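Below are my notes on the model, as numbered points. Please read them alongside the coordinates.

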Amino acid sequence: MSHEVLGFDVTADALLEKAKRDGAETMWDRKAAMKASCGFGEKGICCKNCSMGPCRISPVEGKGAQKGICGATADTIVARNFARTVAAGVSSHSDHARDIIHVLHMASEDGNYKVKNPEKLMKLAKEWEVDTEGKEIYQIAHEVAEVALMEFGKPFGTQRFIKRAPEPRQKIWKDLNIEPRAIDREVATILHSTHIGCTSEVDSLMDMSMRTSLSNGWGGSMMGTEFTDIVFGTPTARSTEANLGVIEENMVNILLHGHDPSFSEMVVLAAEDPELMKLAKDNGAEGINLVGMCCTGNEVTMRHGVKIAGNFYQQEMAIVTGAMEAVLVDVQCIYPALPKLAECYHTKFIATSPKAKMEGATYIEFNEEHALDITKKIVREAILNYKNRDRTKVMIPQQKSKAMLGYSVETIIDHLDKVVNSQTDVFETVKPLSDVIWAGVIRGAAGIVGCNNPKVQHDNSHITIMKELIKNDIIVVTTGCAAQAAAKAGLLTMEAKELAGRGLREVCERVGIPPILHMGSCVDISRILDLVSRVSKERGLDNSNLPVVGVAPEWMSEKAVGIGTYVVSSGIDTFLGITPQVTGSARFVDILTNQLEDKVGAKFFFEEDPTVCAQKIMERIEEKRDRLGI
Ligand code: CUV
Ligand code: SF4
């Protein structure tokens, strides 16, 4: 059935065959059962915002229903649906950030959670004008956390981090009245405005979508990154391995899947417990093998080098190997199908978050007060399950690749400092990066991010675009499942510089970095915003002037729509490899792919063919260079 779709992924075919033998259902069976996806939904012209409907607009102009019962046009319905998608994405990211901030708020010298990066905390305290005089570090931590928590619901003012944006960008936001206010307020307001009989004006819906998305990009998401670094440390360069081949034949395998590092970090700690390691040995295993998937996998690999089992699309395959003692999940991007799939094997599927209880799962509620006790209990469950593994049902693919990752902005700047001429140059800036871009040694930069989507070949769009860009001297930074695709393909290695053009290759050699830099999880796209904005500020320009782009080749989640919108609103063109559900309104498509440029200096591009997409990215980058006269 689906094999032509999977041709690119070398581990998939055999595992899918195995799933069939094992009587295990996968997404491909369900996709086949789904037949074609809903044509109205696909175009975004189905509205169920009230119970006079649902209403669906005829996709053929001038024929059939052109308006909902209330009179909403296709334009309004598409724009409203888009706005609600943004709101859901913003909520997910920002609510995740809220949890991390609560963790800092409860951090203490002798508790489970500590301040691992006091310098970053002090910097933030200063930035936010929190008085630190004569206070000990945990008091400061709690006060800074409280200030951050107010960012979600404060009645007045705008997000604190928007001051980090280049000044021309701040002005654009101010003039358009899209400076983001409290995060929860933006989400509530947009849900209000998209209620029946509220906003029907399409441009206004777009503006509100931008403002809401910015409350995440320069609010929730950015706080998520900052506070995660404060509590668990800022990532530094390290090596790991990626793909299903990291699952071990003779170890207790535990898969971490989801997003929130306040859980996964504690699992990492639990797995290092000597008693539990001994228990694993007593149960006949050689040890405990933690492996990660999706963004929580990115979080723990960036800080501990935990191996990457795979990305979004491989979540079922990891179980089909038959060698997974436990799958531990918290929130987001976890298939509801997994608990049932786990039943085909000995695998224990353990849900841990009250925000994501899952049908059919074993539920062991995680709470931060007793974090380590709970994760130890969970790891113990996994260990005790090792003896139940049916060896006749095990098939672990051999494929795995080495990868270098952990490139936070701080780590990138550390690397750049090494090439700074100590006589003439300044340290601790992105100047060397902007210099090589201006000199044309590197033509520009692309942030390649996002998920997998079965509408296209797994990982193929990510890898095709990445290879094409580095070959043409465009440096790539990456997060999320795109980063894991790069890791599996061996593109996060020093050797990958051989695939780069001459300019980029030289930069990689001098600075000692791979041509593609893994910057973390989806929340860490805020690191990319930070990096780009530093270059803009260094040059006295706006983000929209720079030869940089965002790309989401295989995105699927509401979060991705929220991200794409804040990236564009931040002045960075964004290329989408999957067309969003907006094509039922030619006017809204024109807003996204054309008119936005006049407003915010950047726009969306829809291009599903990865080779053509790479071509368009390069054209756009050269266009930006021409405009700069470089
Ligand atoms: Ni948060 S949002 S599939 S894990 S990148 Fe991976 Fe990243 Fe998309 Fe989910
Ligand atoms: Fe139909 Fe309007 Fe109700 Fe939507 S809000 S379901 S278009 S009547």
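1. Leaving out neighbours within four places in sequence, Cys 295 is in contact with Gly 258, His 259, Gly 480, Ser 521 and Cys 522, where contact means heavy atoms within 4.5 Å. Cys 295 is placed in helix α13; helices here are DSSP runs of H or I with at least four residues, strands are runs of E with at least two, and both are numbered from the N terminus. Cys 295 is buried at 2% relative accessibility (buried is under 20% relative accessible area, exposed over 50%, partly exposed in between, with a 1.4 Å probe and protein chains only).

2. This is a predicted model, in which local features need pLDDT of at least 70 and side-chain atom pairs count only at pLDDT 80 or more, while totals for chains, interfaces and linings use all residues; side-chain values use heavy atoms, without hydrogens and water. Residues are numbered from 1 along each chain as its sequence is written, chains are lettered from A, and ligands are numbered from 1 in the order in which they are written.

3. Which residues coordinate the nickel atom of ligand 1? The donors are His 259 (NE2), Cys 295 (SG) and Cys 522 (SG), at 2.4 to 2.7 Å. Donors are N, O and S atoms within 2.8 Å of the metal (3.2 Å for Na, K and Ca); water is not among the atoms, so sites may look incomplete. The donor spacing in sequence is H-x35-C-x226-C. Cys 295 is in α13 (residues 294-304) and Cys 522 in the loop between β13 (516-520) and α22 (525-539), so the two cysteines tie together parts 227 residues apart in sequence. Cys 522 is also buried, at 13% relative accessibility.

4. His 259 sits in the loop between β4 (252-257) and α11 (261-271) and is buried, with a relative accessible area of 2%. Not counting residues up to four places away in sequence, His 259 touches residues including His 96, Glu 299, Asp 330, Cys 333 and Lys 559.

5. An unreviewed UniProt entry annotates His 259, Cys 295, Cys 333, Cys 451, Cys 481 and Cys 522 as "binding site"; UniProt positions follow the numbering used here, feature names are shortened, and annotations may be inferred rather than shown by experiment. These residues span 264 residues in sequence, yet no two of their C-alpha atoms are more than 13.3 Å apart, so they gather at one spot. Cys 451 and Cys 522 are among the lining residues of the largest cavity. A cavity is a set of points, on a 1 Å grid over the protein atoms alone, where a 1.4 Å probe fits but cannot get out, and lining residues have an atom within 4 Å of a point.

6. UniProt (unreviewed entry) also lists Cys 47, Cys 50, Cys 55 and Cys 70 under "binding site". They are spread over 24 residues of sequence but cluster in space, with a largest C-alpha distance of 10.8 Å. The lining of the second largest cavity takes in Cys 47, Cys 50, Cys 55 and Cys 70.

7. Buried residues of α24 include Phe 588, Ile 591 and Leu 596. The helix is followed by Gly 601, whose phi is positive, near 75°.

Methods. 1 Å grid on protein atoms, 1.4 Å probe; cavity = no way out; pocket = protein on both sides within 12 Å on 5 of 7 lines; lining within 4 Å.
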